[in-house]
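Here is a quick tour of one protein model. Have the sequence and the 3D view open as you read.

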Amino acid sequence: MWRNIIFICVGILALILINEFLQGILRQKDRQIIFKQAQKRAKELKRPLLVYGDPYYGKGSRFYNMFMDGYGCGDETVDLTGSPECKNGVKSDMLKHLKTKKSNSQVIFVSCVLEYLDDIEEVFKEMIRVAGGVENIFVVTVSELTLAAYLYQEDNYGAKNLIYAPPKFKDLTYKKL
Ligand SMILES: C[S@@+](CC[C@H](N)C(=O)[O-])C[C@H]1O[C@@H](n2cnc3c(N)ncnc32)[C@H](O)[C@@H]1O
């Protein structure tokens, strides 16, 4: 009886870990594909590409970057870390940085930053203003089907929101955790 219970628990734990790993690979694939889409849009519109999220920070990126390409730097690459490996890295809070930009002037790519912000509604408003519409916004999100979406914690930030955003979703929406 106990052997069966232990066997079932170990099986469930293994399934959860396999799901986290596979979801991580899908997220890294999204980073490649969605970043390319954002670069293409920026080129078409002859606009700067604003990247939010240090491409070389975060447990997930550090791990998956070892064996799979992720995304690269933009014309500006903004993060609280300063994105030191990008030659045009900017050390700033996302909302503060968006507020310095003119309306309808940039293409925006974000990877796994919106999940950790308190002022999410204001950030959404500013993203739409700066990009001039959701069609110029490209976001990689943490899937709600992962434990990381609920439990992720690093330095002084942790999971706060589930994000639904273009190009996978038509609009920018969120659920507070
Ligand atoms: C989970 S990591 C993601 C790292 C990388 N962008 C990726 O996709 O793997 C979350 C990132 O959000 C950044 N971050 C958290 N709060 C921020 C804020 N208010 N403004 C700008 N960046 C922020 C952190 O410094 C960190 O690099």
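## Starting at Tyr-52

Let's begin with a strand residue: over in β4, Tyr-52 has Val-110 as its bridge partner. On the β2 side, Tyr-52 is bridged to Val-78. Strands here are DSSP runs of E with at least two residues, and helices are runs of H or I with at least four residues, all numbered from the N terminus.

Before going on, a word on the ground rules. Numbering starts from 1 along each chain as its sequence is written. The model is predicted, so to speak: local features need pLDDT of at least 70, side-chain atom pairs count only at pLDDT 80 or more, and totals for chains, interfaces and linings use all residues.

## β1 and its partners

β1 and β4 run parallel and share four bridges, while β1 and β2, also parallel, share three bridges. Two strands count as paired if DSSP finds at least two bridges between them.

Both faces of β1 are covered. Leu-49 and Val-51 on one side, and Leu-50 and Tyr-52 on the other, are all buried. Buried means 20 or more other C-beta atoms within 10 Å of the residue's own, exposed means 12 or fewer, and partly exposed is in between, with C-beta atoms placed from the backbone.

## The nonpolar core

Tyr-52 turns up again in the largest nonpolar core, which has 33 residues. Tyr-52 is among those with the most contacts inside it, together with Ala-38, Ile-108, Phe-109, Met-127, Ile-137 and Val-139. α1 (2-45), β1 (49-52), α3 (94-98), β4, α4 and β5 (137-140) each supply at least two residues of this core, and α4 gives the largest share, five residues. A core of this kind is a set of buried Ala, Val, Leu, Ile, Met, Phe, Trp, Tyr and Cys residues joined through C-beta atoms within 7 Å. In soluble globular proteins, nonpolar side chains tend to be buried together.

What does Ile-108 touch, leaving aside its neighbours within four places in sequence? Ile-108 is in contact with Leu-50, Tyr-52, Met-127, Val-130, Ala-131, Asn-136, Ile-137 and Phe-138. Contact means C-beta atoms, placed from the backbone, within 7 Å.

## Around the ligand

The ligand is surrounded by 17 residues, and the closest are Gly-53, Gly-58, Ser-61, Ser-111 and Cys-112. A residue belongs here if its C-beta atom, placed from the backbone, lies within 6 Å of the molecule. The shell splits into eight nonpolar, six polar and three charged residues. Ala, Val, Leu, Ile, Met, Phe, Trp, Tyr, Cys and Pro count as nonpolar, Asp, Glu, Lys and Arg as charged, and the others, Gly among them, as polar.

Cys-112 isn't a glycine, yet its phi is positive, about 55 degrees. Cys-112 sits in the loop between β4 (107-111) and α4 (120-131), and is buried, with 23 other C-beta atoms within 10 Å. Ser-83 is another non-glycine with a positive phi, about 40 degrees. Ser-83 is in the loop between β2 (76-79) and β3 (89-91), and its 24 C-beta neighbours inside 10 Å make it buried.

The peptide bond from Pro-166 to Pro-167 is cis, with omega near 5 degrees. Pro-167 lies in the loop between β8 (161-164) and β9 (173-176).

## The whole protein

Overall, the protein has five helices and nine strands. Of its 177 residues, 34% count as buried.

Conventions
Two residues are in contact if their C-beta atoms, placed from the backbone, lie within 7 Å.
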